[in-house]
Amino acid sequence: MDEARLKESFARIAVYGDEVPLFFYSHLFLGHPELRDMFPISMAHQRDRLVNALGRIVADVSSQESLVAYLQGLGRDHRKFGTLAQHYPAVGASLLATLAHFNGAAWTQELANDWSEAYGLIAKVMTDAAARDELNSNPAWWDAAVVGCERRTLDVSVLRVAPERPLPYVPGQSVAVEFERRPRVWRFYSPANAPRADGTIDFHVRLIDGGAVSPALARRAGAGSRLRLGAPVGTLALNTASRRPLLLAGGSTGLAPLKAIAEQVAMLPDPPRTTLVFGVRWSTDLYDLPDLEKMAVECPWLTVVPAVSDEPGFHGERGTVADVVRRLPHVSAHDAYVCGSSAMVAATVGSLESLGLPEHQIHVEDYGWSER
């Protein structure tokens, strides 16, 4: 399997944009119409997820540990759709047909063999993870109810959710959420708290114009609303073996997994010095600042830095998260955890690297793929 050929062939098809998933799902559903009911009525968001997942896989193809962890999470998560091992060959055939169609004359037998081998490995890792998950008696999803809903700003709400059985997750991970008013449409949200004794989970939900789930959750979910939660996914997790100070940098609701990590740090016998940068455009968007300031009072090792980018009169740190990070002292000595939109993550990582922070000390979660 030639990694360079895989990346080159994916780059060739990526320029076709929405045509790629449209061709893929048309091929899949025409050949296997019985699979259509596993997907939402509107496929617009699902098409984006396919391309993003393929892009992530191709980008990480040379990083075996990261890729395997990602695929294992996907395999466990796909159980919520009713995905079975016997479904994977049909998906693989449609994927190869799609790649062949958009690569045109560049599609060779060698390239077909590369992608066939790659997909075989992908399917094996995913199905093995799903099988182990089932063997461990983990459900395909967790039924849950909203037990609290607080509108913090015009576009951000905080939901407290109670699963009917404990959902095991690591701070920093995300779970897919399906709202009863949007059946078969799942969106990922990160728990904003470390696991609690009562099992409740807080989700920070930002209303996204045109979003398939967030407007319904932010505006119509209330006490008693029913949800389903998927298996935890993601590799943004605290490195408890490191004794370096921590930098947690979040934009808007990218704060959620970082707040969960901060709660986890509070449980350590000797918490490291931690700086949490919470970046927004306007001071009215600092939806969780009172909770963070209370945590900072209770935890002397924690420094909270609110940052506002678009409000000249703000009395505090001005600029984007990337700007504020560049002004912090001794950043290269930290372990950094970054979460937010694609643009925010890219800019902040660029700042960290320019300050000399090694790549292995930078951990990211990109929220750009979640709703769009």
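**Exercise 1.** Which strands does helix α11 (residues 342–354) lie across?

*Solution.* The model is predicted; local features need pLDDT of at least 70, side-chain atom pairs count only at pLDDT 80 or more, and totals for chains, interfaces and linings use all residues. Residues are numbered from 1 along each chain as its sequence is written, and side-chain values use heavy atoms, without hydrogens and water.

Helices (H or I, at least four residues) and strands (E, at least two) are DSSP runs numbered from the N terminus. Helix α11 lies across β7, β11 and β12. Its direction runs at about 160 degrees to β11, where angles run from 0 to 180 degrees between N-to-C directions of axes, lines fitted to C-alpha atoms, for helices over the stretch in contact.

**Exercise 2.** State the strand order of the open sheet and its edge strands.

*Solution.* Strands pair if DSSP finds at least two bridges between them. The order of the six strands is β10-β9-β8-β7-β11-β12, with parallel pairing. β10 (317–318) and β12 (362–366) are the edge strands, each pairing on one side only. Inside the sheet order, β7 (residues 246–251) pairs with β11 (residues 335–340) over five bridges.

**Exercise 3.** Why are α2 and α5 called oblique to each other?

*Solution.* The axes of α2 (residues 19–31) and α5 (residues 88–103) cross at roughly 135 degrees and come within 9 Å. Angles under 35 degrees count as roughly parallel, over 145 as roughly antiparallel, 65 to 115 as roughly perpendicular and the rest as oblique. Therefore α2 and α5 are oblique.

Technical notes: Contact = heavy atoms within 4.5 Å.
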